[in-house]
Amino acid sequence: MKIFKHTLFISLVVSSLIIISTFKFDVFTILLVLAGGLLASFFPYLDFVINAFLINPQSESSTEIKSLFLRREYKKLINLVDSNSFSENKPTINSAHFQVILLMLGFYFITTRPVLFGFSFLLSLIFNLIYRLYISMPFYHQWFWIFKNPVSLSFVKMWLYINIAFAVIYIVLI
C-alpha cells in the first residue's frame, strides 16, 4: 500500500502543477485534471489484472489476483501487487517500451491542443512509472524485457533522468 500512496501523491502533485500551469481554476477543469491523475494511479495495476485474466490465467499468482479482483477486495489486491514482484510476468504497462510510447504521446500532446484529462493522465502515468522503475531497481531487468541482452544499472539511471527531463519539459510547455 506504500507504493500506491506514493503514486497517488505523485498524481496529485502533477495534477496540481498542471492546474497551476494552465491558469484555469474553474471547477470543471480542476475535476477533469484530478480525475486523469487519479486514474493514472490505478492504471499500472491493470497490467497485473490483464495478465491474470487473459495472458497467464493458470499461474498461482494469477489465481490470487483473480480471486481478490472478483471478490472486490481492491485494497488487498493493491497490497499483493505492491509487495510481490511477479517474475513470470512480462509486464506491458510497467515496462520501458510503454514509457517510450508515453513520451511520444506527450510530444503529440505538446504539438496539438491537449485535452486536460488526457494530459493529466499521461503526465501522472509517466511520473508514476518513473517512480515504480526507481523503486524496483534491484529487479529492473523485467522493465527492459524487450532487449535481448540485460541492460546495465548506469543505463537504467540514464533512462530515468531522460524520462524525468521529458516529463518536466512537458509540464513547462503546457
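A residue counts as buried when its relative accessible area is under 20%. With that in mind, let's look at helix H4 (residues 74-83), where Leu-77, Ile-78, Leu-80, Val-81 and Asp-82 are buried. Keep in mind that this is a predicted model. Its average pLDDT is 85, and 96% of the residues score at least 70.

**Helix H4 and its neighbours**
- The buried residues of H4 pack against helix H1 (2-22), helix H2 (27-55), helix H3 (60-70) and H6.
- Here is a handy rule for reading such lists: an α-helix has 3.6 residues a turn, so residues three or four places apart point the same way.

**Helix H5 against helix H6**
- The axes of H5 (residues 96-111) and H6 (residues 116-135) come within 10 Å and cross at roughly 150°.
- Because of that angle, H5 is roughly antiparallel to H6.
- The crossing of H5 past H6 is left-handed.
- On the H5 side, the residues that meet H6 are Phe-98, Gln-99, Leu-102, Leu-103, Leu-105, Gly-106, Phe-109 and Ile-110.
- Their partners in H6 include Phe-119, Leu-122, Leu-129 and Leu-133.
- Sorted by class, this contact of H5 with H6 has 13 nonpolar, 3 polar and no charged residues.

**Helix H1 against helix H6**
- H1 packs against H6 at an angle of about 140°, and their axes are 9 Å apart.
- That angle makes H1 oblique to H6, since only angles over 145 degrees count as roughly antiparallel.
- H1 passes H6 in a right-handed crossing.
- Among the H1 residues that meet H6 are Ile-3, His-6, Ile-10, Val-14 and Ile-18.
- H6 brings residues including Leu-116, Phe-119, Leu-123, Phe-127, Tyr-131 and Arg-132 to this contact.
- By class, the contact of H1 with H6 has 10 nonpolar, 8 polar and 1 charged residues.

**A tryptophan in a loop**
- Look for Trp-143 in the loop between H6 and helix H7 (153-173).
- Trp-143 has a relative accessible area of 4%, so this residue is buried.
- Leaving aside residues up to four places away in sequence, Trp-143 touches Asn-94, Ser-95, Ala-96, Gln-99, Leu-129, Arg-132, Leu-133 and Ser-136.
- Trp-143 and Glu-60 are 83 residues apart along the chain, and their C-alpha atoms are separated by 21 Å.

**How confident is the prediction?**
- Confidence in the protein is lowest in H5, where the mean is 85.
- Confidence is highest in H6, at 90.

Methods:
Residues numbered from 1 in each chain as written. Predicted model: local features only at pLDDT ≥ 70, side-chain atom pairs only at ≥ 80, totals over all residues. Heavy atoms only, no water. Axes fitted to C-alpha atoms, helices over the stretch in contact; angles between N-to-C directions. Helix = DSSP H or I, 4+ residues; strand = E, 2+ residues; numbered from the N terminus. Parallel < 35°, antiparallel > 145°, perpendicular 65-115°, else oblique. Left-handed = near helix turned anticlockwise from the far one by under 90°. Contact = heavy atoms within 4.5 Å. Nonpolar A, V, L, I, M, F, W, Y, C, P; charged D, E, K, R; others polar. Buried < 20%, exposed > 50% of the residue type's maximum accessible area, 1.4 Å probe, protein only. pLDDT = per-residue confidence, 0-100.
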